[in-house]
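Trainee: I would like to learn how to read a ligand site and a helix pair. Can we work through an example?

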Amino acid sequence: MRPARPVYIAAQAITPFIGKGNPHFIAPGHPEYGKRDNPTLEEHLCTVVRKLLDDHGIDPSLIQRGFVGNFAGELFSKQGHLGAMVARADARLASKGFTRVEAACASGGVGLVGAIEAIQAGFDVVLVVGAEVQTTVRAREGADYLARAAHYATERPIDDFTFPALLARRAKAYKETYGLTDRDLAHFTVKAYSNANRNPLAHMHAVKITLEQAATAGDHNPQILQNPELKPHLKVSDCSQVSDGAAAVLLASEAGLQKLGRRKADCVQVRAYGFCTNPLGQVQNLLRFDTTAAAVAEALRDAGCTPQDVQVAEVHDCFTIAELLMYEAIGWAEQGKGIELLLSGRTSLEGDLPVNTGGGLLGFGHPVGATGVKQAAEIYRQMKGLCGDYQIPRELHTGLTVNMGGDDRTVVALVLENCTV
Ligand code: CAA
């Protein structure tokens, strides 16, 4: 869909993404353990909204609607009704219409769709916030919560770590068909962590990994699945992180930009978007992300672009195999050849098609409800030169985000264009 009323990203903010392995995450062994707690879901939500308002000098009374992407606040934090929670961030947000949006790991992306469509309905200034806190329970219990993004009745029995298992199932099928190796997949981890090492907001900012470490299973990199057929096809280093964090973007129409006093040159335009869902538990082809392909094709077609026009992208690398399948679904590589694109170096920070420049879900982290919003904020930050040590040193005109919920069941793709005047 190409918005009939132009839509602009006028402002953005991201909190640090934290969790196990991040020096700011309070866990046993941390000097402040027992003295201070990690931020709650409410604190992440309110912090990111205040940061967006303060960093860009936004008057909150101009915001008319709000969407909050969150997957499982009730389970991890015993807190729902998050639309009304955001109003606690600033007294001037009182009596606005805010609602929570849930679409598993695409909650943030679907929140963006809600905001774009609210602008088509006539609103001029709409806030989108995404947040998740997942570190309140052990990883195994969290995996059971996340399994509710799959078809729980039929897919939960595959393994306690249901999502890692669903993607290991794809890695197994792909390896058996195309001869992909663990070492090939390890290159995705190395790219992600190396980008994250340059990004102070990233969960894995301080964690280094070599190709040898990522390619080899062992006590330092265990195969965590119990399902015997899938166990050999997934190591911890193939997995995105269990992260806490939040992201926010402010969308506006042209009239909204005027009210906000924002120049177009300070904005990024949402050229077009694709939004597709397919039935839970009914993946047709393990070798392809068909829903992703449909959503991206819709977004690119309506933007008048080809896959080759994209100059920077944020794709949903919830597991290493997912980034590979994204390359093929987007149309950057033929089926079976996605690994060649990665190994060519084109998608590294130094390449001509940098992907997941801040570390992606593997390195930046994956607070699931925040991820789709963070992707849009990241493209904005790259286009506006705000990425510090991982800034791409050239002008960027066209960007792509791809946010996936479940095993390729809900996908939102955005084509974003830098406004230079
Ligand atoms: N050998 C064998 N097994 C071992 C082991 C070893 N040496 N060391 C650990 N394990 C196993 C243990 O069974 C342990 O479980 P217990 O706690 O019951 O003992 C399990 O691994 C996990 O160990 P940890 O808790 O120490 O692991 P961790 O905290 O380092 O987390 C991770 C690692 C489990 C991979 C975690 O990072 C994770 O779950 N990542 C994936 C998160 C995820 O699935 N996100 C959703 C993505 S899907 C998506 O994006 C779409 C959507 O809509 C959901």
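**Ligand shell and a helix pair**

Mentor: Start with the helices around the ligand. Helix H5 (139–146) and helix H7 (162–178) each supply at least two residues of its shell. Keep in mind that this is a predicted model.

Trainee: Which helix gives the largest share of the shell around the ligand?

Mentor: H5 does, with three residues.

Trainee: How many residues surround the ligand, and which are the closest?

Mentor: The ligand is surrounded by 23 residues. Cys105, Arg138, Arg140, His366 and Gly406 are the closest.

Trainee: What is the make-up of the shell by class?

Mentor: The shell has 14 nonpolar residues, five polar ones and four charged ones.

Trainee: Now the polar contacts. Where do they fall?

Mentor: Look for N or O pairs within 3.5 Å. A polar side-chain atom of Arg138 is 2.7 Å from a ligand oxygen. The side chain of Lys20 places an N or O atom 3.0 Å from an oxygen atom of the ligand. Ser240 uses a backbone N or O atom, 3.0 Å from a ligand nitrogen. On its own the ligand has 1100 Å² of accessible area, and the protein covers 74% of that.

Trainee: On to the helix pair. How do I describe it?

Mentor: Two packed helices are described by the angle between their axes and the distance between those axes. Take H11 (residues 290–303) and H12 (residues 320–330): the angle is about 45°, and the axes are 8 Å apart. H11 is therefore oblique to H12.

Trainee: Is the crossing of H11 and H12 left-handed or right-handed?

Mentor: H11 passes H12 in a right-handed crossing.

Methods:
Residues are numbered from 1 along each chain as its sequence is written. This is a predicted model: local features need pLDDT of at least 70, side-chain atom pairs count only at pLDDT 80 or more; totals for chains, interfaces and linings use all residues. Side-chain values use heavy atoms; hydrogens and water are left out. A residue is near a molecule or strand if one of its heavy atoms lies within 4 Å of it. A polar contact is a pair of N or O atoms within 3.5 Å; within protein, one must be able to donate a hydrogen and the other to accept it, and residues adjacent in sequence count only if both atoms are side-chain atoms. Accessible areas come from the Shrake-Rupley method with a 1.4 Å probe; for residues, only the protein chains shown count as cover. Helices (H or I, at least four residues) and strands (E, at least two) are DSSP runs, numbered from the N terminus. Ala, Val, Leu, Ile, Met, Phe, Trp, Tyr, Cys and Pro count as nonpolar, Asp, Glu, Lys and Arg as charged, and the others, Gly among them, as polar. Axes are lines fitted to C-alpha atoms, for helices over the stretch in contact, and angles run from 0 to 180 degrees between N-to-C directions. Angles under 35 degrees count as roughly parallel, over 145 as roughly antiparallel, 65 to 115 as roughly perpendicular and the rest as oblique. A crossing is left-handed if the near helix is turned anticlockwise from the far one by less than a right angle, and right-handed if clockwise.
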